[in-house]
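Biologist: I would like to learn how to read a model of two chains. Can we go through the main features one by one?

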Protein chains: 2
Amino acid sequence: MTQPRHTALVQSLPASVPFVGPETQERARGAGFAARLGANESVFGPSPRAVAAMADAAKDAWMYGDPEVFELREAIASHHGVTAANVVVGEGIDGLLGYLVRLLVANGDTVVTSDGAYPTFNYHVTGFGGALHKVPYAGDHEDPRALLAKAAEVDAKLVYLANPDNPMGSWHDAATVQAMIDALPAGTVLALDEAYADTAPEGAIPPLDMTHPRVIRFRTFSKAYGLAGLRVGYALAHGDLITSFNKIRNHFGLGRVAQAGALAALADQEHLSATVARIIAARDRIGSIARQNGLVPLASATNFVTIDCGRDGAFARAVLASLVAQGLFVRMPFTPPQDRCIRVSVGTEADLDLFAAALPKALAGAADITVS
Amino acid sequence: MTQPRHTALVQSLPASVPFVGPETQERARGAGFAARLGANESVFGPSPRAVAAMADAAKDAWMYGDPEVFELREAIASHHGVTAANVVVGEGIDGLLGYLVRLLVANGDTVVTSDGAYPTFNYHVTGFGGALHKVPYAGDHEDPRALLAKAAEVDAKLVYLANPDNPMGSWHDAATVQAMIDALPAGTVLALDEAYADTAPEGAIPPLDMTHPRVIRFRTFSKAYGLAGLRVGYALAHGDLITSFNKIRNHFGLGRVAQAGALAALADQEHLSATVARIIAARDRIGSIARQNGLVPLASATNFVTIDCGRDGAFARAVLASLVAQGLFVRMPFTPPQDRCIRVSVGTEADLDLFAAALPKALAGAADITVS
């Protein structure tokens with residue numbers, strides 16, 4: 001029988017996906033992971049107040065969530081000193097990035113990012129027919145100057161910067177990011193992914209300025225707030241840009257349980273502070289383990305540490321494969337030259353004990369495999 | 001400063017949204033509703049096992065949900081006697097309808113629906129640039145023959161049928177729907193919205209046939225399962241069509257809490273059966289209240305009853321406004337001639353006591369207002 005007539009764009013899209021989940025790997029292994037250190041989740045968990053709020057909201061789950069997400073938007077606005085008109089809440093930053101791309105990018109429109117930066121952004125750009133231009137990292141950092149130059153050259157509708165960066169964990173200071181904002185080409189929107197803002201050091205995040213029409217900043221409850229499994233992200237921008245999301249978003253996409261959990265999490269800043277302290281301590285320990293094994297941990301402003309394995313991608317992939325085979329879920333950058341590294345999310349003491357035990361074996365095994 | 005360059009399509013979209021939520025109305029009223037009977041939610045609530053599963057999963061909410069939604073897809077497949085390859089789970093039927101439209105509809109592609117049928121489907125079609133063609137209802141029913149004739153006439157890529165129907169509560173028997181499937185124009189996909197399948201009478205739902213490449217059937221946990229606030233819907237179709245969703249969907253869009261809640265709800269078919277019995281009893285009572293007030297309740301296969309107020313749209317709107325002013329959240333069809341009706345979702349005994357008390361006043365007031 002005749003097949004569905006997919007759009008030409010959809011026919012052109014690959015079947016591959018940005019990330020394979022740990023559960024998929026566990027099913028393939030036939031065994032669970034002993035430590036889950038690959039998706040930059042917060043093993044320290046959400047606020048107990050958020051857990052209680054979710055359990056409470058579960059009883060009311062027969063009611064749709066407020067499609068205006070009013071209370072949560074008000075609370076976010078108050079937290080950041082902006083107005084609710086500057087806030088859109090969505091199904092994680094992933095969902096919001098998809099909406100932003102859809103708002104701006106039609107077939108052939110140009111978009112700029114860094115080669116090796118967040119692949120889900122690229123997935124959305126490709127998915128809406130955008131022409132993606134990539135510039136190299138400058139060392140272990142995304143390169144604002146190169147991004148700006150490329151955006152001007154190709155007349156980009158959208159440019160992406162993550163600060164702090166994933167997968168490298170690096171960051172720019174606020175002045176550098178502000179200089180990028182100030183030098184944005186006319187007509188280019190900056191998607192400033194600040195998923196890791198909560199774990200960044202003082203002075204890394206420029207002040208919020210909701211008067212700029214072309215800067216949109218993404219935040220999330222998935223990282224330091226420990227609510228990756230709830231799927232709540234938000235974006236802060238000029239009211240005009242925020243309003244345009246209402247033309248296309250899934251208005252009932254954010255459920256009652258998710259809104260309640262995020263609201264309670266936001267209200268518990270003590271838990272957030274305590275979690276950030278634990279994240280910093282765990283980062284330090286991952287760094288120590290790396291150094292004890294002769295590797296170089298990169299400075300991190302995130303909830304993970306990227307470890308330079310000191311050789312090429314084949315070597316780092318062998319190290320990663322051994323860690324995975326030993327029951328640790330970890331990931332690594334996809335793109336050279338960043339793929340000389342592995343990326344380890346913060347874990348509990350017990351998680352990092354396992355990592356400390358597994359890494360020497362992984363390095364020894366990788367050295368055997370990759371010496372030819 | 002220069003504004004963001006939205007796509008031409010986005011610039012053409014209206015700012016209006018398909019549904020205003022009850023919370024928005026409550027904020028405007030400055031008071032909560034006494035009964036929530038307007039969004040076809042299940043006031044009888046989710047399975048206690050689902051509530052417990054959500055509360056349990058809340059503690060684990062620091063972990064992303066499985067992006068393959070493996071366990072839930074397996075359970076859904078088993079429940080329906082299909083394979084997991086025939087199942088895609090998403091952020092409510094709303095979210096899945098958006099994905100389906102995006103898969104098939106590019107600028108100017110034709111889509112057919114009924115005038116007065118589910119507006120969120122239309123929202124997605126317009127949002128992706130589709131050309132929407134509408135055919136009238138045949139009485140209180142969507143009209144499969146007219147839909148087919150129009151689909152053939154305009155070479156539609158997609159045609160929408162809800163069975164049972166929202167907002168009228170009516171349904172076709174399985175043979176009628178099967179005849180529509182069998183007569184689908186080559187190249188037309190049928191989006192068969194079966195959100196209310198669980199409350200439909202025996203013989204209304206045609207057997208699942210996953211060999212047809214161009215029929216996709218939508219189900220949800222939002223209605224009889226009582227989990228509207230969790231946002232989990234699914235679609236059943238040929239594996240090739242299901243696979244194409246993976247090219248565009250938000251892979252991490254369905255959180256761990258949502259997956260756990262839906263899985264537990266599906267496992268509790270006793271709760272579902274008991275809920276359906278309560279829904280049927282409440283439908284009967286709404287019908288009695290309508291008749292006691294001289295109105296005609298339409299036969300319903302859903303969790304709501306559409307009540308013919310016997311006059312024109314202005315009259316029904318006045319009845320609705322009075323009910324709302326009396327603290328009852330209810331809605332009504334948007335489009336003539338269906339807008340001679342109001343639509344009342346099933347409620348508790350207490351909810352329906354309020355409705356029984358409010359309706360006579362609403363009718364008296366509306367008669368005063370609309371007699372000129």
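Modeller: Start with buried area: the accessible area (1.4 Å probe) that two parts lose on being put together, summed over both. The size of an interface is often given this way, as the accessible area lost when the parts come together. Here chain A and chain B bury about 7,000 Å² between them, with 59% of it on carbon and sulfur atoms. In chain A, the residues that lose the most area to chain B are A:Arg5, A:Trp62 and A:Tyr64, together 13% of what that side buries.

Biologist: What kind of model is this, and how are its parts numbered?

Modeller: This is a predicted model: local features need pLDDT of at least 70, side-chain atom pairs count only at pLDDT 80 or more, and totals for chains, interfaces and linings use all residues. Residues are numbered from 1 along each chain as its sequence is written, chains are lettered from A and ligands numbered from 1 in the order in which they are written, and side-chain values use heavy atoms, with hydrogens and water left out.

Biologist: How many residues of chain A are in contact with chain B?

Modeller: Contact means heavy atoms within 4.5 Å. By that rule, 83 residues of chain A touch 83 residues of chain B. 100% of the interface residues of chain A are also interface residues in chain B, so the copies meet through the same surface.

Biologist: How are chain A and chain B related by rotation?

Modeller: Superpose the copies by least squares on the C-alpha atoms of residues with pLDDT of at least 70 in both. A rotation of 180 degrees, with 0.0 Å of shift along its axis, puts chain A on chain B (RMSD 0.0 Å). The two copies are thus related as by a two-fold rotation axis. In chain A, the C-alpha of A:Ala55 is nearest the axis, 2.1 Å from it.

Biologist: Which residue forms a salt bridge with A:Lys59?

Modeller: A:Asp56 does, at 3.3 Å, N to O. Helices (H or I, at least four residues) and strands (E, at least two) are DSSP runs, numbered from the N terminus. A:Lys59 and A:Asp56 are three residues apart in helix α3 of chain A, and therefore separated by about one helical turn.

Biologist: What is phi of A:Arg231?

Modeller: Near 65 degrees, a positive value in a residue other than glycine. A:Arg231 belongs to the loop between β7 (215-220) and β8 (233-236) of chain A.

Definitions and conventions
A salt bridge is a side-chain nitrogen of Lys or Arg within 4 Å of a carboxyl oxygen of Asp or Glu.
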